[in-house]
Amino acid sequence: MNLLASLRRAIRDILAARIDDPAVVDELVGTIRPSTDPKFGDYQANCAMPLGKRLGKPPREIAAELVAAVVARPEIVAMCEPPEIAGPGFINLRLRDEWLAAEVNRAARDEERLGVGIASPAKTYVVDYSGPNVAKPMHVGHIRSTVIGDALWRTLKFLGHNAIGDNHVGDWGTQFGMIIYGWKHFRDEAAYKANAVEELARLYRLTRQLIDYWDAATALPKATDRLVEIKTRLLTIQTESENDKIAAKKTSAELKRLGAELDDIAAVMATLQSKLDAVHNNARLSVLAVDHAAINDAVLSETAKLHAGDPENLALWREFLPPCMSDIETIYRRLGVKIDYTLGESFYHDRLAGIVELLARKNLVRESDGAKCVFLDGFDFPMIVQKRDGAFLYSTTDLATIDYREKTWRPDAILYVVDHRQSGHFAQLFAATRLADLTDAELAHVSFGTVLGDDGKPFKTRSGDTVGLGGLLDEAERRALAIVSENDDAKPQPELSAEERANVARIVGIAAIKYADLAHNRTSDYVFSYDKMLATKGNTATYMQYAYARVRSIFRKGDVDIDALRREAAAEIVFTHPSERALAIGLLSLEEALDSMLAGYYPHHLTTYLFDVATRYSTFYQECDVLKAEPESTRTSRLLLCDLTARTLKLGLGLLGIETVEKM
RNA sequence: GUCCCCGUAGCUCAAUCGGAUAGAGCAUCGGCCUUCUAAGCCGAGGGUUGCAGGUUCGACUCCUGCCGGGGAUGCCA
């Protein structure tokens, strides 16, 4: 039951009788929403103002007409008290207690779905998320994609949609050329035998470092030239402007721009210099760098050989892939994430030439500087689908992927949970997909911001490396254990064994990381902080899990068989206190929250909802005795409210991929 | 240079399609545990929503310009 949707449906007819254009009716229906303040009722309709303007009548008059129409309809009267008109023409709606009670009882008896309906029609969604680069270690950004994608996937499925999770792993790109090159030249056989993934990661970093070194070596002189150029120009301008006040005004903008560029160049040069220094300050690296002066081209050629089917490189690829994948699987297991399919870049390799041909047949391909390009309206640069040297790029792979998904699953929508820096790429990809008519499915870039450190810069270790995911999870669990232990020790009778504490810490620690990710608006950057995510107050997983455990502890303490009580025909929820009613409305808003989450693919709409439920519960818990409530019917009613609260929290957290514990 | 995103309380973040007095948490201050987990609850203070205009009954939200931060920018993904 979606309260809001029910209200909107009921009032829709009334509006439709006055306005012909269905689009306008939709817009007006959209103005019905939860009230901003309890004193304005439970829901408010803000449609009288725009309608008044449209019909040329005072909004309050329109509101009065609408209210008259509302009270003439038995099905709305059954739901709502007579509406009130306030301010310029706001219509305030208050749900009837009897109706609310009946609905909350219905939800309480629904074992599986808590009253949440199944979407109709069900749609097919392909959710593309996680997508780590097999050759590179995973970093915090991958958690965001993985966790957000997983939450969307779970929620879509729960609402009855056909959700297909697809992990588009990077298992075929230049990074593999780097590993292969590294393995051929720098490998430590013993280390490889002991821990293949660790050694491969070392080879990747080493090769990467040498490539960066040579890139820096060529880039630095150019940057230096530019620096000199800018300084010269600045000097000229300064001299000119001292002699000529009018010229000074004209050049002030340029002065500023050059100043900014000067800062940029200086920063770039510092970075380049540090890459050079890292090698120069290490005798062994210096030798390696000189010995591998052509490493950049060599790596590209290893990649090209792999793609061309070179037996040696292909054999190495086949050898490297499984341990890398199993390393990634380990992280997924810890996160509790399972992705339906893993169809990476390599899966599409033999389809790429066909895609370029298809585009060519549709007259979409033009050659430019030797590369095959798709030129798109509204973009300054084309999308390259085949390089001058004949190699394909990620754009080609992504087009082939869309083509495959369309043919395999006929999806209604494809969601890409990928960070915001690729928004330009996706804009081009989607435009090209429409041009080539590969699919009619909704294509959505579910983008997300960067995870930042305390300093407001992308989350890195002090030495500037990306933070390994395994260590990140370890740290969260370690800190969670300290919090759990401290709390349990503070009880008169500690109730958790060492194993239980470790298990709770594991669940609480992982939940903290996931929840922090999900609770922030995905489009903005957010600051990663163990202290904040593990805080026991505020909008955190810990608070929510605590609320859940507190509810469950009531049943244990009172020796209540809640599953049996829930099924008793005579047991029902009745309101005897305002906090019970407020909690009930919260509990009945679950479907509304899920719909809102999926409408914009915003998991934080669900976390906000769950936090609201937990808060309403805490208020209720504070103000109403449960086990000691008299008479028996009130005690039963409150137990049922507690039960529905617990199940709502567990279900909602579950849809976010977050576990709960019975004691903490 | 061009394009995209962001700028909200001291801090971290919300605010649904343009709605009533811009909300939470942290931090600060004041109350509430012989009573179901105080990891809690109740209350107070704290804001020119970057700046300047515009659109209208109404703007954090839409439009224009500016300032500040980040990102993307033809053969990496």
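## Domains of chain A

Domain bounds here come from an automatic or database domain assignment. For chain A of this predicted model, that assignment gives domain 1 (3-94), domain 2 (124-171 + 315-361 + 394-452) and domain 3 (175-308). The C-alpha centres of domain 1 and domain 2 lie 43 Å apart.

A quick word on conventions: residues are numbered from 1 along each chain as its sequence is written, while chains are lettered from A and ligands numbered from 1 in the order in which they are written. Because the model is predicted, local features need pLDDT of at least 70 and side-chain atom pairs count only at pLDDT 80 or more, whereas totals for chains, interfaces and linings use all residues; side-chain values use heavy atoms, with hydrogens and water left out.

## Around the RNA

Let us turn to RNA strand B. A residue is near a strand if one of its heavy atoms lies within 4 Å of it. There are 66 residues around RNA strand B, and Lys 39, Glu 345, Lys 387, Tyr 394 and Arg 550 come nearest.

For Tyr 546, an N or O atom of the side chain is 2.5 Å from a sugar or linking oxygen of RNA strand B.

## What lines the RNA surface

Helices (H or I, at least four residues) and strands (E, at least two) are DSSP runs numbered from the N terminus. The largest share of the surface near RNA strand B, 8 residues, comes from helix 21. By type, the residues of this surface divide into 25 nonpolar, 21 polar and 20 charged. In this scheme Ala, Val, Leu, Ile, Met, Phe, Trp, Tyr, Cys and Pro count as nonpolar, Asp, Glu, Lys and Arg as charged, and the others, Gly among them, as polar.

Axes are lines fitted to C-alpha atoms, for helices over the stretch in contact, and angles run from 0 to 180 degrees between N-to-C directions. The axes of helix 13 (residues 295-307) and helix 14 (residues 311-335) come within 8 Å and cross at roughly 90°, so the two helices are roughly perpendicular (65 to 115 degrees). In their contact (heavy atoms within 4.5 Å), Glu 302, Lys 305 and Leu 306 of helix 13 meet Asn 313, Leu 314 and Trp 317 of helix 14.

Helix 15 (residues 352-361) and helix 16 (residues 394-409) pack at about 85° with axes 9 Å apart, which makes helix 15 roughly perpendicular to helix 16. Helix 15 brings Leu 352, Ile 355, Val 356 and Leu 359 to the contact, and helix 16 brings Thr 396, Thr 397, Leu 399, Ala 400 and Asp 403. These residues divide into 6 nonpolar, 2 polar and 1 charged.

## Backbone details

Most residues other than glycine have a negative phi, and most peptide bonds are trans. The bond from Ser 120 to Pro 121 is cis, with omega near 0°, and Pro 121 lies in the loop between helix 6 (97-109) and strand 5 (124-128). Asp 559, in the loop between helix 21 and helix 22 (562-567), has a positive phi near 55°.

Methods: Polar contact = N/O pair within 3.5 Å; in protein donor to acceptor, adjacent residues only side chain to side chain. Parallel < 35°, antiparallel > 145°, perpendicular 65-115°, else oblique.
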